[in-house]
Amino acid sequence: MFGLAIGHLSILLAIPVLGAGLLLFTPRRQTPTLFALALFASGLDFLWSMKILQLFDGKSGDMQLVERVAWMPAFGIQYIVGIDGISVFLVLLTTLLMPIAILASWSVQDKVKEYLIFMLLLETGMLGAFVALDLFLFYVFWEVMLVPMYFLIGVWGGTRRIYAALKFVIYTMAGSLLMLVAIIYLATRYAQTEQALTFDLLKLYGLHLPVDQQGWLFLAFALSFAIKVPLFPFHTWLPDAHVEAPTAGSVILAGVLLKLGTYGFLRFAMPLFPDAALAAGPIIVALAVIGIIYGAVVAMMQSDIKKLVAYSSVSHLGFVMLGLFALNLQGVQGGLYQMLNHGLSTGALFLLVGMIYDRRHTRLIDEFGGLWKQLPVFSVMLMVVTFSSIGLPGLNGFVGEFLILLGSFNVRPLWTAAAATGVILGAIYMLWMFRRVIFGPLTNAANEKLADLNSREICLLAPILFLIVLMGVYPQPFLQRMQPAVELTLKRMATITATPVTTDHGTRRESKRDGR
Amino acid sequence: MVTNQLVLADYNLLRWIPLIPLLAVVCNLFWGRALGKKFAGALACAAVGASFALALYVFWQLPSNGIFRDSIYTWIDSGSFRVNLSFQVDALTAVMLLIVTGIGFLIHIYSLGYMEHDEGMVRFFIYLNLFIFFMLTLVMGDNLLILFVGWEGVGLCSYLLIGFWYHDSNNAIAGNKAFIVNRIGDFGFILGIFLLVTELGRQGIWTLDFLELQKHASMLSPASIGVITLLLFVGATGKSAQLPLFVWLPDAMAGPTPVSALIHAATMVTAGVYMTARLHFLFVLAPSTLSLIAWIGAATAFFAATIALTQNDIKKVLAYSTVSQLGYMFIAVGVGAFSAAIFHLFTHAFFKACLFLGSGSVIHALDGQQDMRKMGGLKAHMPQTYWTYVVATLAIAGAPLTAGFFSKDLILWQAFSHGATALWGIGLITAGMTAFYMFRQLFMVFHGECRANDHAKAHLHESPAVMTLPLMILAFGSIFTGWLGAPEYLWGNRWDLWLRPVFGAAEAHEGSVGTEVIVTLLTLAVVAVGIYFAYAKYGRAGTEVEQRAGAGGLLYRLSLNKYYVDEIYDHVFVRPFTAISDFFARFIDPWVIDGTVNGVAAVTRGSSQVWRGLQTGNVQHYAAGLLVGTLALLAYYSGQS
């Protein structure tokens, strides 16, 4: 009706870009102004996302706040954005972590202006990927994200930053090129029946593809997403990228970027190609379970805290994949919840590691020990986050892990039992690390004069810690809003596939059950 | 046998019982330092005291067949699976409530004195209050998942308190060991929960609520009940330190002694017993699991007692004794005598807390000395500690008319009358060993001549009233709590009567009163023999103590070194596991997996070097290529046609 009216989600996407534009015209010497502007833009975007949450109707599983504008009509490409219960919290996670990451970048002194511009562009890229409902548009955002991340690692990273940045970009690109081919194929397939090209996801959901074609297309999508997740054995770019990335880069990488992989499975690969997803289920679950154990085992032996956390991500995201491919409400809801949990707890872990790195310029576990005495506030916060990551009931991690395992146990008891050993392993490597860093005598003279967290650092962590507790104690506000959308996705898959998928525990795929 | 006349009533006061200590935690966490040690400690004590008062009030109101329930909100709701944050108090929980808050309160008071000079006192009370909160959650949860929340929460507090003096790495390592070994048990526990939910879910019942589970337990197939109960029991072996997962508890003695009394003797370690009792309706349907439990309990009781015979650390003796006594409780569970198990849990909480606090009083007086070979003759210096210790030792040994006498005897009698003669025999021998090692300890610590060095001797003092008063109350309980569960030939078992609505009426005993009396007398005889041996060997112990005690004998060395279980676990599990992890971290990940990735990249780059040679930019080369290609195509097609 109002041709020029800009929707809520478009504003959400525009705010960081506008902020970046303002930064472009700010003199590079005025570092405080630069920071203030970037913080303002990302903070405003967070507030805006809260407004979106308020407008969001949690009882509906449909896409909401949908905007639809023709972009390249000749190819059927449109600008379609919208959110549902699956994406709304991921959007919030992004907008929450971004100002925190910027505030955590205080120690960046080199090329601050470019750094902040890249951060803001990255934010728009990620948000775009979460809200895009046109496959081509999604692909554009998906690729756009890579550029700022490449520079953030490559310019502001550690000593092997170029290697890490290149590896990150080439690895991800290699996966996504196949996805582009698959996307174009999908659009042309649609044109065969409907006489018009379209990249509209909601329309493509209705495409009934033969099973063999689904297989190839699923593979193309899945490879791209699996690298991003990262699913074992595609994970080796992650430790390199994390170790070299600056703190904020790690926070965003672990907190948000990895979730785009799991989100991709849930939004695109699974509902677009349900038969293939069902058939690939056992393989993906096997890889996820291997990843859970393997990531934990390798994490245990790391001497660099950041690398330890990076491998723990492989383990945790294995849980998410396990949940998603349970293909029932508990599993998928748990997986989705665990995405948020991982974003918060791993984000906080990287922040804490960054804080100690700023002080000591090392992340080697052996360099520390007995920090509690010197840094009580730091230690308590690290403890809460550690136990969140271990999945202690009462904190967020437990709710996600429990639902995932419950959902998955229902379909694959033996694989789930194997995955549950990750709960033991997680406690081992996290508590080992915690003990060696925090407990014991303070022997290293370099640690004797360390200052505890300052108020800026406490303010950064406080909202995350608050959410860690809140989401553990009172998860319903989150779960409730996710449920309709998850149910709809499962129903969509169930109606398309020949074999019934469980939308709840009622029906069950006897034929597909492995184990036992 | 399940009684159906349970009366359910809403009772919104319940939430305050765990909530008050939690509020104290929050208060001390944020303002503890500002309030100061004294005030923070007082606040912590007051909070537990208030919970105790409230628990007493609830207990007073509760009819034996009643259940009070306080549903607060829906915790997790995912489709048909729904779990409420909801508390309940029935006869069983009421008993546990009184133990946790009552003994917890006494130990809080005691800690005011014990931790007075510790700079971490505020932190100590935060952990201690947090523990009470989680322990109350554990016993009050009205469904299995809330129980599990408490279960893990107490594990956290145990971890924090074992490593309380974190500057010594060994303490922190002991804390880690406790948490990780418990996690291994929890792995079984959580799988048991999943299997329970899934199996009942197949019948269309989605619940973890105890009452609902009880109602529908019979819908489960015997096979699945067997597996479920077995998995749940794995969890219990972790928390309650049974074979093979008992190894963490002796190490847990690294924590401050009030912690050993509260967490590692009276309350947390009994959570496994509580859990099996709470789910008795499942366990009774799984006879094979029950008999396994009984045998694990008996083996643990015996095995731990043999280790306790030779230990020289005052707290290690008590730790192995706790493991052994928990074994007794599981014997009772295993023969289906849940009320007897909880009864022993109850009396044990008193005398073992008394013993631990008494040992703490001794350690306090000797400036941290825990080696009994360096004690002796303390009777004269610490009369109050001594006499309370004597009472508690008599109680655990099972001297007539003490609490331990009644509760241990009840278990032995239950085993005997259920026809489990072998279990009874093991229990009997263990009772003799218990009497021996406890009196050995009593003699080594309090009798004979003092073997402490001169410095320590000069400082010897009785502990302040804030510490001895709790000792006296506990010593009082070590005698009279047992009177609640007297056998029928005396004045009858009130205890069983109280718990009957929960567990149902006990099955009729096979034996007659005459047999029961004979069995009791037999136990007493064995106990007397144990005490006699202890007296003969240690009664007048001097400086040469423990020099002669069969030193050099193989059995003695095995016992002294705890059968090398830690070393065996280390070689069989820990080292191979670390070696494999190391192999993966150092070889597989960087060289095989990442090597493949980089290899693909290298091949791509290498081949691009080759193909690059073709793009010379020289038009003549391209033209030549075109010509060759065209000819080749022509040749191909002409060959086909």
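Reader: Which residue takes a positive phi in the hairpin of S1(A) and S2(A)?
Author: Keeping in mind that this is a predicted model, the residue is Gly76(A), with a positive phi near 70 degrees, in a hairpin that has 4 residues between the strands.

Reader: And how many bridges join those two strands of chain A?
Author: Strand S1 (residues 64–72) and strand S2 (residues 77–83) of chain A run antiparallel and are joined by 6 bridges. To pick out one pair, Arg68(A) has Ile80(A) in S2(A) as its bridge partner.

Reader: Switching to chain B, in what order do the strands of its open sheet come?
Author: The order is S1-S2-S3 in chain B, three strands with mixed pairing. Strand S1 (7–10) and strand S3 (81–89) of chain B each have a single partner strand and stand at the edges, so one side of each has no neighbour in the sheet. Neighbouring strands here are turned against each other by 45 degrees on average, with direction ignored.

Reader: Is the pairing of S1(B) with S2(B) parallel or antiparallel?
Author: It is parallel, and S1(B) pairs with strand S2 (residues 66–78) of chain B over 4 bridges. Within that pairing, Asp10(B) has Arg69(B) in S2(B) as its bridge partner.

Reader: What does the secondary structure of chain B come to overall?
Author: Chain B has 25 helices and 3 strands. Its C-alpha atoms fill a box of roughly 115 × 65 × 55 Å along the principal axes, and 55% of its 641 residues count as buried. Among the contacts in chain B with a separation of 6 or more, 81% are between residues 24 or more positions apart.

Reader: Where do the domains of chain B fall?
Author: The domain assignment gives domain 1 as 334–339 + 360–546 and domain 2 as 568–640. The C-alpha centres of these two domains of chain B lie 74 Å apart.

Reader: At what angle do H14 and H15 of chain B pack?
Author: Helix H14 (residues 314–334) and helix H15 (residues 338–365) of chain B pack at about 175 degrees, with their axes 9 Å apart. Because of that angle, H14(B) is roughly antiparallel to H15(B). By class, their contact has 13 nonpolar, 5 polar and 2 charged residues. On the H14(B) side the residues include Leu318(B), Tyr328(B) and Met329(B), and those they meet in H15(B) include Leu345(B), Leu355(B) and Phe356(B).

Reader: What about H15 and H17 in chain A, at what angle do they pack?
Author: Helix H15 (residues 376–390) and helix H17 (residues 413–438) of chain A pack at about 170 degrees, with their axes 9 Å apart, which means that H15(A) is roughly antiparallel to H17(A). The residues of this contact divide into 7 nonpolar, 4 polar and no charged. Among them are Leu382(A) and Met383(A) in H15(A), and Met430(A) and Phe434(A) in H17(A).

Reader: Then how many residues of each chain are in contact with the other?
Author: There are 40 residues of chain A in contact with 37 residues of chain B. The elements of chain A that give two or more residues to its side are helix H11 (274–300), helix H13 (329–360), helix H16 (396–411), H17 and helix H19 (476–496).

Reader: Which of those gives the largest share?
Author: H17(A) does, with 9 residues on the side of chain A that touches chain B. By class, that side has 27 nonpolar, 11 polar and 2 charged residues.

Conventions
Residues numbered from 1 in each chain as written. Chains lettered and ligands numbered in written order. Predicted model: local features only at pLDDT ≥ 70, side-chain atom pairs only at ≥ 80, totals over all residues. Domains from an automatic or database assignment. Axes fitted to C-alpha atoms, helices over the stretch in contact; angles between N-to-C directions. Parallel < 35°, antiparallel > 145°, perpendicular 65-115°, else oblique. Contact = placed C-beta atoms within 7 Å. Nonpolar A, V, L, I, M, F, W, Y, C, P; charged D, E, K, R; others polar. Pairing = 2+ DSSP bridges. Buried ≥ 20, exposed ≤ 12 C-beta atoms within 10 Å, placed from the backbone.
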